[in-house]
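User: Hello! I am new to this structure and would like to understand how its descriptions are reached. Could you walk me through a few of them?

Analyst: Happy to. Let us look at it together.

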Amino acid sequence: AGGARVVPVDYRKSRAEIQELLGQLNGLYIPGDAKDTFDNPQYTDVVMTALDWVQTHNMEEGNHFPVVGNSYGMLSMLKSQMRSDDHFKELSGEQVHEALQQNLLQHP
């Protein structure tokens, strides 16, 4: 009768270790506190590994594994599914606090 427990996922672990850990969790939160993770190819690769695992898991009847990405975490999720990051560009100073439309040009 305990509350939810937060388990950190170390993106520096091997692909097999990440997949094994995901099998023990009931959801994934991808934080977006720092741009450093968004610019890190190893981090993006682990996000892609996690999303691939989740897609396979969620295709099974009765399974649901939620994933939430916040700020740069959401951008890392998008980046992990793209062939190149040419679609990303820096925002100007006045755009930082505006709601901006996102257009996904490929199937998520």
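User: Which residues lie nearest the centre of the second largest pocket, and how many residues line that pocket?

Analyst: This is a predicted model, and in it 23 residues line the second largest pocket. Val7, Pro8, Val9, Leu28 and Tyr29 are the ones nearest its centre. The pocket's volume is about 600 Å³.

User: What makes a residue part of that lining, and which element gives the most?

Analyst: A residue counts as lining when it has an atom within 4 Å of a pocket point. Helix H3, residues 41–58, and strand S1, residues 28–30, each supply at least two lining residues. The most come from H3, with four.

User: How many residues of this lining are nonpolar, polar or charged?

Analyst: The lining of the second largest pocket has 17 nonpolar residues, along with four polar and two charged ones. Val, Leu, Pro and Tyr are among the kinds that count as nonpolar, and Val7, Pro8, Val9, Leu28 and Tyr29 belong to this lining.

User: Why is H3 called roughly perpendicular to H4?

Analyst: H3 and H4 (residues 72–80) pack at an angle of about 75°, and their axes are 8 Å apart. Angles from 65 to 115 degrees count as roughly perpendicular, so H3 is roughly perpendicular to H4.

User: Which residues make that contact?

Analyst: From H3 come Tyr43, Thr44, Val47, Met48 and Leu51, while H4 brings Ser76, Met77, Lys79 and Ser80. By class, this H3 and H4 contact has five nonpolar residues, three polar and one charged.

User: How do you know that Leu25 touches Val7?

Analyst: Contact requires heavy atoms within 4.5 Å, and on that basis Leu25 touches Val7, Val9 and Phe65, leaving aside residues up to four places away in sequence. The C-alpha atoms of Leu25 and Val7 are 8.1 Å apart, and the two residues are 18 apart in sequence. Leu25 itself sits in the loop between H1 and S1.

User: Which elements have the lowest and highest mean pLDDT?

Analyst: Helix H2 (residues 35–38) has the lowest, at 84, and helix H1 (residues 15–22) the highest, at 94. For the protein, the average is 84, and 86% of the residues score at least 70. Where pLDDT is low, predicted coordinates should not be read in detail.

Methods: Residues numbered from 1 in each chain as written. Predicted model: local features only at pLDDT ≥ 70, side-chain atom pairs only at ≥ 80, totals over all residues. Heavy atoms only, no water. 1 Å grid on protein atoms, 1.4 Å probe; cavity = no way out; pocket = protein on both sides within 12 Å on 5 of 7 lines; lining within 4 Å. Points joined across faces, edges and corners; volume = space filled by probe spheres on them. Axes fitted to C-alpha atoms, helices over the stretch in contact; angles between N-to-C directions. Parallel < 35°, antiparallel > 145°, perpendicular 65-115°, else oblique. pLDDT = per-residue confidence, 0-100.
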